[in-house]
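Let's take a walk through this structure together. Have the sequence and the 3D view ready, and follow along one stop at a time.

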Amino acid sequence: ETGVTQTPRHLVMGMTNKKSLKCEQHLGHNAMYWYKQSAKKPLELMFVYNFKEQTENNSVPSRFSPECPNSSHLFLHLHTLQPEDSALYLCASSQDEGKGADTQYFGPGTRLTVL
Amino acid sequence: GQNIDQPTEMTATEGAIVQINCTYQTSGFNGLFWYQQHAGEAPTFLSYNVLDGLEEKGRFSSFLSRSKGYSYLLLKELQMKDSASYLCAVRDGDYKLSFGAGTTVTVRA
């Protein structure tokens, strides 16, 4: 779905760096999500925002900090990450979180490597 | 937590049919989704089932049995471009979406 874009597509960072991932959706949706995808594991939901309000924080370490300034933009701020945080970080959006048929549309992801 | 199981890998020949099974145990049920994900790309929505039965969309069909906690995705007339990972996802009673680990399908010529 080209309606959800993510930048950067690839990121390599050291454990002491601070970086941010950006997600933008052009679908007019009200809900946005951050997922972590590690090899051979299910997608792990990290954060959910609905109408700019955070509705879910799935026990994510504080070194990950989300920000949702408006319904179209979502950021994930990263600091003092660990090598095990290396993964594909996917952003998704949907019309309304919590509705049965509500379908999530994904961005291409940011491949993060922590050295 | 929720439990969603699907096979890790499947291989099939071009032009054949492959069936990817998904079993789930969730607290409540509000729908099941199938997504396709090519390597290095975004998962893309394939199908949604909330009632028992078969939903057909061209070469792809998805089946649901709520009483058995079971679904399958059927891929017919396989093409090389169908080589991808297929993700089963279930929305539970609290409307939270949980994903399986995905099934990697390899189509051989």
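## Cysteines, strands and cores

Start in chain B, where Cys22(B) and Cys88(B) are both buried, buried meaning under 20% relative accessible area, with exposed over 50% and partly exposed in between (1.4 Å probe, protein chains only). Before going on, some ground rules: this is a predicted model, in which local features need pLDDT of at least 70 and side-chain atom pairs count only at pLDDT 80 or more, while totals for chains, interfaces and linings use all residues. Residues are numbered from 1 along each chain as its sequence is written, chains are lettered from A and ligands numbered from 1 in the order in which they are written, and side-chain values use heavy atoms, with hydrogens and water left out.

Back to that cysteine pair. Cys22(B) and Cys88(B) are joined by a disulfide, S to S 2.0 Å; the cut-off for calling a disulfide is two cysteine sulfur atoms within 2.5 Å. The torsion about their S-S bond is about -70°, so this disulfide is left-handed. Cys22(B) sits in strand 3 (residues 18–25) of chain B and Cys88(B) in strand 9 (residues 84–91) of chain B, so the link ties together parts that are 66 residues apart in sequence. Strands here are DSSP runs (E, at least two residues), just as helices are runs of H or I of at least four, and they are numbered from the N terminus.

How many disulfides are there over all chains? The count comes to two. The other joins Cys23(A) to Cys91(A), S to S 1.9 Å. With a torsion of about -75° about the S-S bond, the disulfide of Cys23(A) and Cys91(A) is left-handed. Cys23(A) belongs to strand 3 of chain A and Cys91(A) to strand 9 (residues 87–94) of chain A, so parts 68 residues apart in sequence get tied together. Cys23(A) is buried at a relative accessible area of 0%, and Cys91(A) is buried at 0% too.

Cys68(A) counts as buried, at 12% relative accessibility.

Now for the strands of chain A. Strand 3 (residues 18–25) of chain A pairs with strand 8 (residues 73–79) of chain A in the antiparallel sense, over seven bridges; pairing takes at least two bridges found by DSSP. Look for Leu21(A), which stands opposite Leu76(A) in strand 8. Strand 8 of chain A also pairs with strand 7 (residues 64–70) of chain A, again antiparallel, over five bridges. A hairpin through two residues joins strand 7 to strand 8 of chain A, and Ser65(A) has His77(A) in strand 8 as its bridge partner.

Next, the interior. In soluble globular proteins, nonpolar side chains tend to be buried together. The largest nonpolar core has 22 residues, of which Trp34(A), Phe64(A), Leu76(A) and Leu78(A) touch the most other members. Such a core is a set of buried Ala, Val, Leu, Ile, Met, Phe, Trp, Tyr and Cys residues joined through side-chain atoms within 4.5 Å.

Finish at Lys57(B), in strand 6 (residues 53–57) of chain B. A polar atom of the Lys57(B) side chain lies 3.1 Å from the backbone oxygen of Leu46(B).

Note on methods
Polar contact = N/O pair within 3.5 Å; in protein donor to acceptor, adjacent residues only side chain to side chain.
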